[in-house]
Amino acid sequence: MAENLKLYPSKPILIVDDDSELLKTFNATLSSAGFNNTLLCNDSRKIFKILEKNEISLIILDLIMPHLRGDELLEQIMPIYPQVPVIIVSGVNDVSSAVRCLNKGAYNYMVKPVERGAFLQAINNALDSSEIRNENIRLKKQFFSDTSIENKAFSPIITNNNKMKYIFRYCEVVAHSSQPILITGETGTGKELFAQAIYKLAECKGEFVPVNAAGLDDNLFSDTLFGHKKGAFTGASKTRRGLVAKAQNGVLFLDEIGDLSIPSQVKLLRLLQEREYSPLGTDLTSRSNAKIILGTHRDLQEQIKKEKFRKDLYYRLSMHQFHLPPLRERLDDMPLLLNEFLKHASKDLGKKTPVYHPELINLLSTYSFPGNIRELQSMVFEAVSRHKSRMLSSSAFEKYIGNTQPENKPQDLTDHNNWASKLQILPSLKDVTDIIVDEALKRSNGNQRIASNLLGITPQALSKRLKNRKT
Amino acid sequence: MKDSSVTIAETSHKINNMNHAIMLNAPIIKSAWNDVISMLKEYSEELEDFTVAGMSFEQACSIIPELISGIENCSLNIKNAVGDLKKSISD
């Protein structure tokens with residue numbers, strides 16, 4: 001089992017100290033805090049050979065050593081390996097020595113004896129800042145590269161939209177990060193598909209474990225995620241592994257975290273920060289190395305204002321996050337999605353893929369799709385199941401949109417903070433009518449039948465209004 | 001003969017190195033004890049005359065955490081004492 005454990009950090013931490021006992025101490029401290037990838041060196045002359053052979057994430061360096069002193073080494077390391085942070089841990093408690101080392105490029109200078117908490121904090125800070133720096137470099141490379149994205153990880157995501165392509169590039173950059181990734185976006189925008197894509201990009205050995213946190217109270221959340229020991233509560237007849245344990249070496253995708261209770265948020269924060277959790281009914285601490293991806297359709301900043309989401313948890317999640325655009329903001333994908341869903345629905349229903357009138361795209365583009373891609377998919381399935389002729393009738397779509405649209409209108413218009421209340425001088429009824437008619441025509445790409453549907457009038461009535469306007 | 005201030009500086013440096021190991025190792029032992037204690041609790045229920053370092057399990061449960069805290073406190077005291085000593089020679 002142990003040899004299959006994921007190494008953290010992915011590149012080793014090199015510890016250099018001439019005292020072998022202290023090397024053991026450093027190593028034990030790091031191992032007990034979850035840093036299981038270390039290289040130990042008690043002869044400062046060998047450090048360059050180690051650096052040549054291994055890509056190092058961080059160096060912990062003693063100052064006073066025989067043969068080559070730490071500050072001499074620092075001077076030689078920094079020009080060749082400027083991307084590697086170096087923390088000096090020295091018995092020399094002298095300001096000028098600390099200033100000298102920091103001027104030479106050391107990330108931090110700590111005086112022995114160092115307390116565990118301060119030491120681990122310094123390690124985490126150094127690794128985080130180095131990770132951000134490396135990611136920035138990769139992001140720049142990705143965003144300015146002309147190469148098209150042909151990664152198979154994204155093949156289930158149907159898009160040609162530029163915004164979505166940028167998100168693909170971002171995913172490629174953050175997939176290997178040890179930090180959690182937050183995916184926000186309305187329901188049906190494909191958060192889980194993106195989480196799966198990141199899982200494939202990260203090439204994890206373990207499983208992809210999705211969990212929907214909506215509706216889980218704190219006890220159920222703890223039991224689902226962390227598991228329980230036999231006898232932990234009435235009915236716990238046997239020990240149960242939680243989903244965090246199931247996701248070991250893999251990815252845990254926790255969706256709808258905006259709905260989590262505050263006590264569950266505290267437990268989640270501990271899992272993200274310390275990578276630790278305790279199954280119900282035990283004081284034992286278990287360690288997780290699962291990559292954690294989180295999703296929500298809620299605006300977490302708004303939730304913080306309402307005191308429904310913890311600020312510290314939000315800041316922990318804010319390092320890597322991206323927002324998936326709703327379907328109404330990527331209408332250029334509509335033909336692609338429609339064709340794909342028609343193909344799928346026809347296959348499922350054992351029918352020949354129908355053709356459709358180009359006006360159908362215009363009609364669909366007028367709808368706001370609160371349920372996004374998922375809603376379009378079910379709409380298409382429903383239309384294909386009803387269709388009988390060669391040409392797909394748009395009536396099923398019109399009926400659906402007609403039934404759904406009016407629900408949105410009174411909500412917006414009865415709102416006391418609506419757009420009209422913000423106007424200092426009210427326009428005339430005729431001006432408002434003209435504006436709304438023009439907007440409806442714009443949204444329907446000039447199609448008067450669709451525009452009239454949007455306006456809730458007959459096509460004849462719209463035609464008459466337009467004629468009157470001309471005269 | 002070495003200047004006494006140099007000797008004090010060198011000795012302080014050695015003490016700091018040794019104390020560094022104590023300061024970092026004590027919390028690991030504390031955490032290890034907390035982890036094994038629940039397993040030992042189950043074991044002690046089955047085996048009544050079970051002892052830890054010659055003490056009854058109940059005694060060990062109260063004494064050992066105190067001993068570990070004592071090591072941590074002593075390490076802090078050594079750190080302060082060395083700091084005071086260094087300060088006295090630099091003044």
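Two residues are taken to be in contact if their C-beta atoms, placed from the backbone, lie within 7 Å. On this criterion, 19 residues of chain A are in contact with 17 residues of chain B. The structure is a predicted model, in which local features need pLDDT of at least 70 and side-chain atom pairs count only at pLDDT 80 or more, whereas totals for chains, interfaces and linings use all residues. Residues are numbered from 1 along each chain as its sequence is written, and chains are lettered from A and ligands numbered from 1 in the order in which they are written.

Secondary-structure elements are DSSP runs numbered from the N terminus, with helices (H or I) of at least four residues and strands (E) of at least two. The elements that give two or more residues to the side of chain A that touches chain B are α1 (20-32) and α5 (116-143) of chain A, and α1(A) gives the most, with 6 residues. By class (Ala, Val, Leu, Ile, Met, Phe, Trp, Tyr, Cys and Pro count as nonpolar, Asp, Glu, Lys and Arg as charged, and the others, Gly among them, as polar), this side of chain A divides into 6 nonpolar, 7 polar and 6 charged residues.

Helix α5(A) also packs against α6(A): their axes come within 9 Å and cross at roughly 150°, where axes are lines fitted to C-alpha atoms, for helices over the stretch in contact, and angles run from 0 to 180 degrees between N-to-C directions. The crossing of α5(A) and α6(A) is right-handed, a crossing being right-handed if the near helix is turned clockwise from the far one by less than a right angle, and left-handed if anticlockwise. Glu135(A), Arg138(A), Leu139(A), Gln142(A) and Phe143(A) of α5(A) make this contact with Arg169(A), Glu172(A), Val173(A) and Val174(A) of α6(A), and the contact has 4 nonpolar, 1 polar and 4 charged residues.

Helix α13 (residues 334-349) and helix α15 (residues 372-386) of chain A pack at an angle of about 50°, with their axes 9 Å apart. The two helices are therefore oblique to each other, given that angles under 35 degrees count as roughly parallel, over 145 as roughly antiparallel, 65 to 115 as roughly perpendicular and the rest as oblique. The residues that meet include Leu337(A), Phe341(A) and Leu349(A) in α13(A) and Ile373(A), Val380(A) and Phe381(A) in α15(A); the contact of α13(A) with α15(A) has 11 nonpolar, 3 polar and no charged residues. The axes of α18 (residues 448-455) and α19 (residues 459-470) of chain A come within 8 Å and cross at roughly 100°, which makes α18(A) roughly perpendicular to α19(A).

A nonpolar core is a set of buried Ala, Val, Leu, Ile, Met, Phe, Trp, Tyr and Cys residues joined through C-beta atoms within 7 Å, a residue being buried if 20 or more other C-beta atoms lie within 10 Å of its own, exposed if 12 or fewer, and partly exposed in between. Of the 42 residues in the largest such core, Ala195(A), Ile198(A), Val244(A), Val251(A), Leu252(A) and Ile293(A) touch the most other members. Elements that each supply at least two residues of this core include α6, α7, β10 and α10 of chain A. A second, separate core of 38 residues includes Val16(A), Phe35(A), Ile56(A) and Tyr109(A).

Pro263(A) is placed in helix α10 of chain A and is partly exposed, with 13 other C-beta atoms within 10 Å. The C-alpha atoms of Pro263(A) and Glu439(A), 176 residues apart along the chain, are separated by 47 Å.
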